[in-house]
Amino acid sequence: MYCVWRGTDKYILVPGDPAAGGELYDLSSDPRETANLAASDAATADELREAIESWVEANRRIGEAFAGDSVTPDGEVLERLRALGYVD
């Protein structure tokens, strides 16, 4: 689940669930988030959904850039990790 705020607008997106759609709330008039405005203010909902999707894609690319071959720690590092209880 992702969420973004802009001013008093809050948009919630559940990725991978097209049936759920997005939820848009105006927190200044609806702080308890009871009236989903996504259908009645589709332009704002679309803008905020696109902001979330852009953020998710950018972070996916960053993760891919840092993903690589695994590194085997040397003996000294392994001993320090064992002392801390991270490895057996």
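Select helix H1 (42-66) and then what covers its buried residues, which includes E1, E2 and strand E3 (22-26). Helices (H or I, at least four residues) and strands (E, at least two) are DSSP runs, numbered from the N terminus. This is a predicted model, in which local features need pLDDT of at least 70 and side-chain atom pairs count only at pLDDT 80 or more, while totals for chains, interfaces and linings use all residues. Residues are numbered from 1 along each chain as its sequence is written, and side-chain values use heavy atoms, with hydrogens and water left out.

Within H1, pick Thr44, Ala45, Leu48 and Ile52, which are buried (under 20% relative accessible area; exposed is over 50%, partly exposed in between; 1.4 Å probe, protein chains only).

Next, select Tyr11, Leu13, Leu24, Ala38, Ala45, Leu48 and Ile52: these seven residues form the largest nonpolar core (buried Ala, Val, Leu, Ile, Met, Phe, Trp, Tyr and Cys residues joined through side-chain atoms within 4.5 Å). Strand E2 (9-13) and H1 each supply at least two of its residues; H1 gives the most, with three.

Stay on leucine 24. Leaving aside residues up to four places away in sequence, its contacts (heavy atoms within 4.5 Å) include Asp9, Tyr11, Ala38, Asp41 and Leu48.

Finally, show tyrosine 2 and tryptophan 55. Tyrosine 2 is partly exposed at 29% relative accessibility, and tryptophan 55 is exposed at 52%.
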